[in-house]
Amino acid sequence: MSLRRLPAVLVVGAVTAALLSGCSGDRTSPTAASSTAAVGPVASSSSSSASPSATTTPDDAESPTTSATVPPPLPQPVASVPKVKRSGQPSSPSVTAPAAKFTAPVTYPDGVRLDIVRTVRATETGHGPGVMAGRKYVRFELKLTNGSAKAINLNQVVLTTYYSASKQLAAPVYTESAKTYDFSGIVKPGASATAFYAFAVPDSGLKKLTMVVDFDGTHTSATYSGAVVVS
């Protein structure tokens, strides 16, 4: 019996040695990959020499960024601003209004009116998630007056703002220093609602700015364009 089992034991021993030899080379791969995932391309699992360089490069220790060092977004040109589809509201608007300058209201034939009450130029302050201290923004105070015979639902208002000839999308600013407040609720006939929106726009962008206010499904979006006069 011992003579018949001997070859099997030798085979098992050889396989075990091969497995142990293969595992020892792979143990370093996850470490190399995890140490570089946040700072650059993941190191190949077949190269064990990548691990030391990934953990000893001086730049790696400085890679985490704070809110004050987050780079600005890449250029995002706006090709078009499609109408928002809202559940329970018309799929296409039936009440239209022409675009207006930033110094004039957008007025609809059914009596609905959207005014820019005030425009303020300011700079972000503070710290924390989402804050880019020192970034300039423009803050709009908007007032919607419902002179129509039907209530208006303002729970899904979407604003899109872009500037310059390249139509660069302006990032919304919702930091504490901006003191923004979105439209919301139901505006009954004869009532009005006020909201505050802020967008990051450079000085040069104020010369040619467009703001599209899509407030419900019945009305076309209120559009303002031209130079912005700030106070």
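Buried residues (under 20% relative accessible area with a 1.4 Å probe, protein chains only) make up 33% of the 231 residues in the protein. The model is predicted: local features need pLDDT of at least 70, side-chain atom pairs count only at pLDDT 80 or more, and totals for chains, interfaces and linings use all residues. Residues are numbered from 1 along each chain as its sequence is written, and side-chain values use heavy atoms, leaving out hydrogens and water.

**Exercise 1.** Find the residues with the most contacts inside the largest nonpolar core.

*Solution.* Start with the term: a nonpolar core is a set of buried Ala, Val, Leu, Ile, Met, Phe, Trp, Tyr and Cys residues joined through side-chain atoms within 4.5 Å. The largest one has 34 residues, and Phe 140, Phe 183 and Met 211 have the most contacts inside it. Next, look at the elements that give two or more residues to this core; among them are strands S2 (112-123), S3 (136-146) and S8 (192-200). Strands (E, at least two residues) are DSSP runs, numbered from the N terminus. Apart from this core lies another, of five residues, including Tyr 137 and Ala 178.

**Exercise 2.** Work out which strands stand at the edges of the open four-stranded sheet.

*Solution.* First write down the order, S1-S2-S3-S8, with antiparallel pairing; strands pair if DSSP finds at least two bridges between them. Then count partners: S1 (106-107) and S8 each have a single partner strand, so one side of each is left without a neighbour in the sheet.

Key
Buried means under 20% relative accessible area, exposed over 50%, partly exposed in between (1.4 Å probe, protein chains only).
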